[in-house]
Amino acid sequence: MFDQILFAIALVFMIAGFVKGVIGMALPTIVIGLLATSMSTAHAIALVIVPAILTNIWQTFNGPYLADIVRRLWPLLLFTCFGIWTGTGFLSGPYAPYGTILLGILLVVYSVIALARAQFHVPKGQETWIGIACGYTSGLIAAATGVQAIPTMPYLQALGLERDEFIQALGVFFTTSTVAMFFNLLHSGLMTWDIALPSALGLVTAFIGMYLGQLLRQRLPAETFRRCFLFSMIALGAYLAIDKIVKLHLL
């Protein structure tokens, strides 16, 4: 049974790494979403947190814009940490089962927004307070579900960053938020030696998947794969939310 669990975890990380290799993001989202079908959301987040930090660190320093990004986005980054730390205990408290429902809803919302290619614009002079609001909201959501993309992703898109600067900004944000989440997990007692082996195995298979995904990206239109991935996330999110609602007898 243990070997079967390890194999399943390794396969999930490879799939998530493959998608990240093709479209450049979504590793934690896929890992948490898929593993949450067979384990608690908290356990899934604990497994993915170290691989997510390491892959995001590479993305953070892969570009020349780091200083400008930190100077511009520090309110977003700071209040994301505040939001995450304010939500300490969400994963292990009495409302923890509802985190899976929220995770499912967020996967659907995020995918629909991405499919619609919704365009947002941050009014000049209001970037700071909107960044603070988005950061704190994203932090609270991340504390409960491990998903950090909403509403920060639309906010970053609304800033009009250049493509390479936007990719690096995502790396900076996700590194900051995942490190903050790591301390939440430590505080909640969820980071134990029991997850060391599956997490390390996941890291290795994620990098293998990323390599294979990068090879495919050179041959397959990224937009085609992106749309298939987003439709899959809608189906997965709906399943997670509805399944947990039924189990909690909320219908």
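The following legends describe close-up views of a predicted model.

Residues are numbered from 1 along each chain as its sequence is written, and side-chain values use heavy atoms, with hydrogens and water left out. Because the model is predicted, local features need pLDDT of at least 70 and side-chain atom pairs count only at pLDDT 80 or more, whereas totals for chains, interfaces and linings use all residues.

**View 1. A nonpolar surface patch of about 810 Å².** The patch is made by V70, W74, L78, F82, W85, Y136, V179, F183 and L186. Two elements, α4 (66-86) and α8 (163-187), each give two or more residues to it; helices here are DSSP runs (H or I, at least four residues), numbered from the N terminus. The largest share, five residues, comes from α4. F82 is found in helix α4 and, at 36% relative accessibility, counts as partly exposed. Buried means under 20% relative accessible area, exposed means over 50%, and partly exposed lies in between (1.4 Å probe, protein chains only). Patches are made of residues with over 30% relative accessible area and no salt bridge; nonpolar side chains (Val, Leu, Ile, Met, Phe, Trp, Tyr) are joined within 5 Å, and like charges within 9 Å. Accessible areas come from the Shrake-Rupley method with a 1.4 Å probe.

**View 2. The salt bridge between R71 and D68.** The count comes to two salt bridges, a salt bridge being a side-chain nitrogen of Lys or Arg within 4 Å of a carboxyl oxygen of Asp or Glu. In the pair shown, the closest N and O atoms of R71 and D68 are 2.7 Å apart. Both residues lie in helix α4, three residues apart, about one turn of the helix. R71 is exposed, with a relative accessible area of 57%, while D68 is partly exposed at 39%.

**View 3. The salt bridge between E127 and R72.** These two side chains meet at 2.8 Å, N to O. E127 lies in helix α6 (residues 127-145) and R72 in helix α4, so the pair ties together parts that are 55 residues apart in sequence. E127 counts as partly exposed at 22% relative accessibility, and R72 is partly exposed with a relative accessible area of 34%.

**View 4. The aromatic pair of F182 and F183.** Three aromatic pairs are counted; rings of Phe, Tyr and Trp (its six-membered ring) pair if their centres lie within 6.5 Å, and planes under 30 degrees apart count as stacked, over 60 as edge-to-face and the rest as tilted. F182 and F183 are edge-to-face, at 6.0 Å centre to centre with 80° between the planes. F182 is partly exposed at 24% relative accessibility, and F183 is partly exposed at 46%.

**View 5. Cysteines C81 and C134.** The count comes to zero disulfides, a disulfide being a pair of cysteine sulfur atoms within 2.5 Å. The sulfur of C81 is 15 Å from the closest cysteine sulfur, in C134, which is too far for a bond. C81 counts as buried at 11% relative accessibility, and C134 counts as buried at 12%.

**View 6. Helix α5 (residues 97-116).** At 1.5 Å a residue, the 20 residues of α5 should span 28 Å, and the end C-alpha atoms are 30 Å apart, which agrees; the expected span is 1.5 Å times one less than the number of residues. Buried residues in α5 include G99, I101, L103, L107 and Y110. The helix is followed by R117, whose phi is positive, near 50°.
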